[in-house]
Amino acid sequence: MVLSLSQTWLGPRLLLVCLLVSRSLTEEELKHCSHMIGDGHLQLLQQMIDSQMETSCKIPFQFVNEDQLKDHVCYIKKAFFLAQDIMEDTISFKDNTSNAIALVKLQELSVQLEDCFPQVYEEQQETACVQNFSESPLWALEKIKNVFNETKNLLKMNQSIFSKNCSDSFAKCSVPDIGGVLPPSTPQAREIVRPVLVPSAFLVLLAVGGLLLYRWRRRRSHRELQPVDSPLEQPEGSPLTQHEDRQVEMPV
């Protein structure tokens with residue numbers, strides 16, 4: 001009887017405790033995105049930027065074509081994963097240096113942030129609004145810092161802001177810009193190639209016409225310079241010459 005009463009008394013209280021714990025965990029999950037990026041992470045990126053030497057050397061990587069993707073939230077949503085790829089596949093430092101340690105911390109942070117960027121099936125357009133770049137490591141690091149900084153600001157405004165479906169914004173990008181060159185089969189490429197080919201063909205025809213005119217004039221001038229034998233010239237002592245002499249000697 002005592003055991004039954006204790007079970008009756010503990011049951012509702014255990015349920016209440018579970019509900020409270022569950023609620024606190026949910027609140028923590030909601031808050032974690034807005035507090036994951038701290039000023040220390042941005043300082044690490046700034047230290048990496050400041051330590052770069054000025055050089056003309058460039059590295060190839062893919063990033064968002066900001067001119068095509070006007071929606072700022074969708075731009076950051078696309079740029080975040082490209083920045084993550086740059087940190088994992090493109091940028092590297094000597095082992096055990098301060099920059100190498102900072103890069104590892106930022107890579108770990110980007111993996112943790114993936115949960116804050118829910119992916120919608122309709123927007124799996126990996127190459128939309130993406131362009132090949134060839135820039136200095138300094139330029140790439142500055143882009144990465146901007147992405148992290150904007151991600152921090154947007155998450156503080158609305159921790160679920162990246163749940164936005166960006167399919168329509170990605171669809172507005174014409175075609176993937178591969179190194180600034182469009183595939184020849186696309187209408188955009190034909191519009192670009194046509195005005196280039198027409199002047200080129202005109203210049204070729206103009207050059208051929210000029211060459212033919214030059215050769216014609218050269219032949220004409222060559223013919224004019226050749227001596228032409230007169231059919232009236234006769235050897236000395238010919239009948240015609242004698243006849244002409246007689247005509248001159250006749251008295252008037």
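This report walks through the salt bridges of a predicted model.

## Ground rules

Because the model is predicted, local features need pLDDT of at least 70 and side-chain atom pairs count only at pLDDT 80 or more, while totals for chains, interfaces and linings use all residues. Residues are numbered from 1 along each chain as its sequence is written, and side-chain values use heavy atoms, with hydrogens and water left out.

## How many salt bridges?

Let's start with the count: the structure holds 3 salt bridges. The term covers a side-chain nitrogen of Lys or Arg within 4 Å of a carboxyl oxygen of Asp or Glu.

## D39 and K152

Here D39 pairs up with K152, and the closest N and O atoms sit 2.3 Å apart. Helices (H or I, at least four residues) and strands (E, at least two) are DSSP runs, numbered from the N terminus.

The side chains of D39 and K152 are also joined by a polar contact of 2.3 Å. That label means a pair of N or O atoms within 3.5 Å; within protein, one must be able to donate a hydrogen and the other to accept it, and residues adjacent in sequence count only if both atoms are side-chain atoms.

The cut-offs are under 20% relative accessible area for buried and over 50% for exposed, with partly exposed in between (1.4 Å probe, protein chains only).

## E66 and K143

Next up, E66 forms a salt bridge with K143, with 4.0 Å between the closest N and O atoms. Again, distant parts of the chain are linked: E66 is in the loop between β1 (59–64) and α3 (72–89), and K143 is in helix α5, 77 residues apart. E66 counts as partly exposed at 42% relative accessibility, and K143 is partly exposed with a relative accessible area of 22%.

## K164 and D71

Finally, K164 bridges to D71, where the closest N and O atoms are 2.5 Å apart. K164 is in the loop between α5 and α6 (167–172), D71 is in the loop between β1 and α3, and the two are 93 residues apart. K164 is partly exposed at 35% relative accessible area, and D71 is partly exposed at 22%.
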